[in-house]
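Welcome to this short briefing. Please have a look at the structure below before reading on.

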Amino acid sequence: RAVTGGMRRSFVILVILVILGGVAPAARAEPPQEDWTLWNNLYQRCLYNCGFDGCSRLGYKDVTYVTGGCVEGCRNGGPKDGGATSDFDLGMKLTGWTCQTDCKYRCMHTLQTIRRSEGLPPAKFYGKWSFTRVFGVQEIVSTLASLANMGVHLWFIPSVYAAVRNRTSGAPTEATSAGPGSALARTWLVNAAINANAWLWSAVFHTRDTRWTEFMDYTSANLLMFSALYCVLVRTFELDNRRSAGLFFAFFAWLVSHVWMVNNPPDRSVESYRWEVNMRVMMTIAVAHWAIVLPWAYGCRLRRGGFGSGNRRRLSHPGRHSLALFAILWHLAALAEVFDFPPIWGYLDSHALWHCGTPHCIWLWYRFLKEDLRWDGVAKKDQ
């Protein structure tokens, strides 16, 4: 009965996650229907003016608009080497701003000012909202939230490492000598490091959006998702070293081919990155991840003596409730992303709100992880 009830609860949780995902299309606001030719022409004219005299100046309906004053060092295109001018503050120099990128930033805000004066909503440029820059950082809230997420992972990694050492350094027994349990323990540790790395590149990308930082952010996120599904498959099917190695090479080949595919669209004049393809693959991996691990946690056939033991019985995982609560809270936070509202006061948009909502639930994942790494130790004491 307990197992049946656990399986029922896991099914309810999966339904909740599917509903949360289904809300996304209905919640996303449709972009305003207007002729963007005028605004594109105004933007190009502003860029020309800024490249000529360093002023993001634009005349519209007998009114002159300018953002951030004029940068003397950016006259006539700025420094010949394309680097930062001495007029930039230290933050802008450290974060790699140039006269060209600074003109784009200031002209975006000049056009936003004109749109506000016309009673029009904010517009996106290059597919993104215009944020208020702080010490050279483009999206200060998302950057700080990403660092907070990374910090939580770094905080818990030593305790995971200690649990791994406790799992792998004990006296050899029937449960540990077979190897898969020890291999999985190290896999969980590597997965924790991959999570921290993904949030690091998220912080770098939100600090300065360049082609390189975008590539590293998205690729690190892909690595995180592929790693999560790989770890779940190794854990739930209790793969030995040979099978887990084979699965690793298969996943690695899949990851490399996916990254190449999404970064090399058929027509670069239409899109530089295959956003929809990437999103569909990531959503498929996420659904598969939770569809495998939640039913397993609530009614898995765990080995009573751990990995390598032939004595099985159907048990619920001791960390199942932490895992389920983490899944729900994480996806509730991610739901903020679909509303896609412009940044409040120039700082907080829906993406930043999502990142702000995730540090508070990561500890639940590590609580499940440590319970999983301790499971064999508990079982051996019972024998």
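Which residues does Trp188 touch, not counting those up to four places away in sequence? The answer is Cys231, Arg235, Trp365, Leu369, Asp372 and Leu373. Keep in mind that this is a predicted model.

**Overall picture**
- The protein has 12 helices and four strands.
- Of its 383 residues, 49% count as buried.
- Among contacts with a separation of 6 or more, 65% come from residues 24 or more positions apart.

**The hairpin of β1 and β2**
- Strand β1 covers residues 55-60 and strand β2 covers residues 63-70, and the two pair in the antiparallel sense over five bridges.
- Within this pairing, Arg57 stands opposite Val66 in β2.
- Two residues lie between the strands of the hairpin, where Lys61 takes a positive phi near 55°.

**Helix α2 against helix α4**
- Helix α2 (residues 37-53) packs on helix α4 (residues 99-117) at an angle of about 135°, and their axes are 9 Å apart.
- Because of that angle, α2 is oblique to α4.
- The crossing of α2 past α4 is right-handed.
- On the α2 side, the contact is made by Trp39, Leu42, Tyr43, Cys46, Leu47, Cys50 and Gly51.
- On the α4 side, the partners are Cys103, Lys104, Arg106, Cys107, Met108, Thr110, Leu111, Ile114 and Arg115.
- By residue type, the contact of α2 with α4 divides into 11 nonpolar, two polar and three charged residues.

**Trp188 in helix α6**
- Trp188 lies in helix α6, which spans residues 180-207.
- Its relative accessibility is 2%, so Trp188 counts as buried.
- Val232 is 44 residues from Trp188 along the chain, and the C-alpha atoms of the two are separated by 9.6 Å.

**His289 in helix α9**
- His289 has its place in helix α9, made up of residues 275-299.
- Is His289 buried or exposed? With a relative accessible area of 8%, His289 falls under the 20% cut-off and is therefore buried.
- Setting aside neighbours within four places in sequence, His289 is in contact with Ala228, Leu229 and Val232.

Technical notes:
Residues numbered from 1 in each chain as written. Predicted model: local features only at pLDDT ≥ 70, side-chain atom pairs only at ≥ 80, totals over all residues. Heavy atoms only, no water. Pairing = 2+ DSSP bridges. Axes fitted to C-alpha atoms, helices over the stretch in contact; angles between N-to-C directions. Parallel < 35°, antiparallel > 145°, perpendicular 65-115°, else oblique. Left-handed = near helix turned anticlockwise from the far one by under 90°. Contact = heavy atoms within 4.5 Å. Nonpolar A, V, L, I, M, F, W, Y, C, P; charged D, E, K, R; others polar. Buried < 20%, exposed > 50% of the residue type's maximum accessible area, 1.4 Å probe, protein only.
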